[in-house]
Amino acid sequence: MMPVRSSPSFHPAFIVPRYGEQVVGGAEDLARRTAEELARRGYPATALTTQALDHHTWRNHYPPGACRINGVEVIRFPAHTCLSDSSLHRVLEAISSGQRVSEADQLRWLEGVVTSPELFEYIHIHGRDYTHLIFLPYLFGTTYFGSAIHPERSYIIPCLHDEPYAHQELIGKMLTGVKSLLFNSEGERGLAARLIGIEDLGPVVGMGFYPSHGDRSAFQDRTAIRGDFVLYAGRREEGKNTPLLIDHFRRFAIENPGMASLVLMGAGEVSIPPDSSQEIIDLGRVTERHKSDGYAAATVFCQPSVNESLSIVLLESWLSGVPALVHGDCEVTREHVRAGGGGLTFSNYPEFAEALLMILEDGELARSMGEAGRRYVTREYNWDSVIKRLLAALEVTQP
Amino acid sequence: MEPDFEIEGNGIDTSALQQELARRVEERRKSGVYSHDVEAALAERLPEELDASNLAPASALDYAATRAQTSWEVTTAYQVETDKSFPRPLIILAKRLARFWARIAVGPIQREQTAFNRNVATGLEALKRQAIGERAKALACEEDLAELAGAMIDDEETGLMADALLESLGTVGTLMAIGPCPRYLLESLGATGCDVYRVSPGTAWDEVEGAPAATRTGPLAFLSQVTEESVEAVLVCDLSFWLKPETVIRLTRRAYLALRPGGRIAIVVHSFASGAPAPAWCAAPVITKALDMAGFTEISIRQLPAEPKDGSSGTSPSGYVAVANKRQR
């Protein structure tokens with residue numbers, strides 16, 4: 001671990017629309033874990049956020065004001081949303097269906113989903129008290145309007161996905177208007193370069209992980225799931241491609257009966273066809289401990305999503321030495337697999353089936369790929385390396 | 001098979017692995033494993049459409065939900081084939097071009113339709129689960145009702161009634177018990193080696209169109225779906241709990257259709273349900289008439305011995321078993 005030393009010349013503020021241990025979301029998780037890791041190493045870190053807990057309603061859940069969570073100072077401001085306004089939904093619908101919308105409508109989207117005038121007022125008055133203002137993710141008003149207040153000290157961790165929202169002109173202007181961008185992976189940086197047309201927008205920093213201590217037998221005791229299984233962990237929704245995974249696996253199970261089952265973990269509704277209820281098992285939302293146990297017990301981890309900027313769950317599963325199957329249309333996870341060698345990619349059902357068969361039938365190959373994945377995460381995404389990259393990206397003089 | 005890729009040093013040659021994967025996929029494609037036949041077979045698990053319009057709502061829902069779950073995904077990747085031998089390659093090529101064009105032309109619409117279908121299938125499945133849950137509750141209520149009825153029947157009557165039923169019915173391999181039935185009767189029948197199938201009165205999901213809302217007609221709806229002349233024996237207990245007089249007539253008629261030639265129907269009415277304050281249509285003459293109207297023959301009423309009323313010279317109404325046969329051909 002790097003030497004711990006308090007640095008008064010370095011006091012970053014992470015500005016994220018939601019923050020808290022109960023908050024579900026990749027960008028929010030990234031902000032919290034990075035801030036906590038900095039605090040653990042003796043650096044003062046602050047999170048500026050709203051009172052919201054969930055991103056469906058943006059209802060003010062937490063009390064306003066300051067509190068401390070795991071060594072990080074957290075200051076919450078009221079969240080404002082216009083999600084009940086039908087005109088906003090028309091704009092959202094138009095953007096998500098790939099239509100070209102005017103800048104006024106893009107502004108309507110960024111103002112409408114979630115903003116916080118009180119937060120912006122605070123940044124305006126106290127923004128210079130912080131050495132760095134780090135905003136994330138790219139698609140919320142908190143980032144768009146907040147990063148424009150003190151652009152000379154603003155950084156954005158965009159957490160980009162290749163989705164229609166990322167293609168809007170205002171997003172491009174925002175990403176090029178701040179001091180620098182910080183990326184989670186090479187794949188995301190490549191996507192940003194493609195979207196904006198500028199090659200060097202900032203370095204890759206990412207997020208760190210600690211070695212996993214999942215317990216395979218604890219998972220088996222609790223769930224009574226035996227034999228080989230494919231694991232999916234994360235939000236279950238169309239955007240994450242879980243229906244595709246269920247569909248592919250359902251067909252695989254018909255063609256290869258008894259070879260493996262599919263286990264799903266995470267929040268969100270999932271529809272399992274009645275004729276596949278024996279092979280597809282839904283565990284719902286589980287604790288972090290249970291998730292680690294699941295990684296340890298899994299034969300293969302599958303990440304079918306094409307909207308990832310880092311894929312925390314993929315890297316976590318590799319830490320447990322589990323080989324992975326990822327969707328070939330996702331630049332980020334495909335790049336992880338290419339760079340680490342921890343799995344295979346698929347783009348259609350035949351590739352999914354053959355890749356799964358290769359892993360299930362060849363234990364040595366599976367073990368080697370899992371180990372390669374573990375080495376990749378340990379090498380590239382350990383906290384020492386990540387914090388070192390973060391400090392270098394923020395031009396902080398390291399002791 | 002030995003893999004033709006290398007695992008060495010710090011990692012794995014991922015490009016070699018992906019090439020191997022592509023080779024295997026291509027090999028399997030050539031062998032016909034990944035064909036459109038398989039796609040089509042998966043999309044259409046059920047062989048043919050049934051007319052579900054005459055089913056009870058619960059059954060229609062079950063059918064629709066199952067159908068939707070297996071066919072929500074629409075695709076333009078339909079199978080291309082022809083039985084013409086000589087110009088076959090040309091026809092196949094033309095059809096493939098047409099399919100390719102269709103994919104481009106209707107692809108976005110097809111994806112929207114698939115999303116809609118999936119939502120409908122999910123909704124139907126949720127509705128079906130609700131219906132099944134309500135049925136489970138109704139079944140639990142029926143069990144309670146049967147328990148309560150058991151409290152009104154003393155040990156002497158249970159013994160006599162079981163003997164009377166078994167003697168009247170004779171040897172039966174399979175019996176369908178319609179509606180609430182005291183447990184002792186089911187156990188007595190089971191002890192003779194008879195397989196008993198129970199049909200619950202059901203819930204609003206089992207209502208037949210046009211039936212009074214207060215009348216649970218689940219067994220009737222069930223009987224209407226049973227193949228004609230397929231049931232060996234039918235047992236109905238204590239009608240007053242759950243049937244109105246007009247439904248008694250419908251029940252006997254439906255049972256007649258469902259029974260095979262020579263099949264038997266037994267109606268058990270315990271003493272507490274055979275006289276006032278129980279409705280008059282539970283009386284033996286009414287049941288005899290209803291069975292006669294339905295076409296049953298050899299109708300017999302086996303009356304249990306009457307008991308003296310407490311503190312008076314009269315007797316309490318006694319229970320009975322009515323048994324009738326369907327005509328032989």
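Select residues 242–255 for helix 9 of chain A and 349–361 for helix 13 of chain A; their axes come within 10 Å and cross at roughly 60 degrees. Axes here are lines fitted to C-alpha atoms, for helices over the stretch in contact, with angles from 0 to 180 degrees between N-to-C directions. Helices (H or I, at least four residues) and strands (E, at least two) are DSSP runs numbered from the N terminus.

Before going on, a word on what is loaded: this is a predicted model, in which local features need pLDDT of at least 70 and side-chain atom pairs count only at pLDDT 80 or more, while totals for chains, interfaces and linings use all residues. Residues are numbered from 1 along each chain as its sequence is written, and chains are lettered from A and ligands numbered from 1 in the order in which they are written.

**Stop 1**

Helix 9 of chain A passes helix 13 of chain A in a right-handed crossing, meaning that the near helix is turned clockwise from the far one by less than a right angle. Show side chains for His248(A), Arg251(A), Phe252(A) and Glu255(A) on helix 9 of chain A, then for Tyr349(A), Phe352(A), Ala353(A) and Leu356(A) on helix 13 of chain A: these are the residues that meet. Contact means that C-beta atoms, placed from the backbone, lie within 7 Å. By class, this contact holds 5 nonpolar, 1 polar and 2 charged residues; Ala, Val, Leu, Ile, Met, Phe, Trp, Tyr, Cys and Pro count as nonpolar, Asp, Glu, Lys and Arg as charged, and the others, Gly among them, as polar.

**Stop 2**

Now pick residues 312–319, helix 11 of chain A, which packs against helix 14 of chain A at about 115 degrees with the axes 7 Å apart. Helix 11 of chain A is therefore roughly perpendicular to helix 14 of chain A. Their crossing is left-handed. Leu315(A), Trp318(A) and Leu319(A) come from helix 11 of chain A, and Gly373(A), Arg374(A), Tyr376(A) and Val377(A) from helix 14 of chain A. This contact has 5 nonpolar, 1 polar and 1 charged residues.

**Stop 3: the sheet of chain A**

Switch to the strands of chain A, where 7 of them form an open sheet in the order 3-4-2-1-5-6-7 with mixed pairing. Strands pair if DSSP finds at least two bridges between them. Strand 3 (65–69) and strand 7 (180–181) of chain A stand at the edges with a single partner strand each, so one side of each has no neighbour in the sheet. Strand 1 (residues 12–15) and strand 5 (residues 132–135) of chain A run parallel, joined by 4 bridges; Ile15(A) has Phe135(A) as its bridge partner there.

Two backbone details deserve a click. Asn70(A), in the loop between strand 3 and strand 4 (72–77) of chain A, has a positive phi of about 50 degrees although it is not a glycine.

**Stop 4: where the chains meet**

Display both chains: 21 residues of chain A are in contact with 19 residues of chain B. Helix 9, helix 12 (331–340), strand 13 (343–346), helix 13 and helix 14 (363–380) of chain A each give two or more residues to this side. The side of chain A that touches chain B divides into 11 nonpolar, 5 polar and 5 charged residues. For the complex, the predictor gives an ipTM of 0.75 and a pTM of 0.56.

**Stop 5: chain B**

Which order do the strands of the open sheet in chain B follow? The 6 strands run 4-3-5-6-10-7, with mixed pairing. Strand 4 (195–199) and strand 7 (297–303) of chain B are the edge strands. Strand 7 of chain B pairs with strand 10 of chain B in the antiparallel sense over 5 bridges, and Gln303(B) stands opposite Tyr320(B). Next select residues 245–258: helix 8 of chain B lies across strand 5 (231–237) and strand 6 (259–269) of chain B.

**Last stop: colour by confidence**

pLDDT is the predictor's confidence in each residue, from 0 to 100. Chain A has a mean of 89, with 97% of its residues at 70 or more. Chain B averages 76, and 75% of the residues score at least 70. In chain B, pLDDT stays under 50 over residues 1–10 and is below 50 over residues 41–51.

Notes:
Two residues are in contact if their C-beta atoms, placed from the backbone, lie within 7 Å. Angles under 35 degrees count as roughly parallel, over 145 as roughly antiparallel, 65 to 115 as roughly perpendicular and the rest as oblique.
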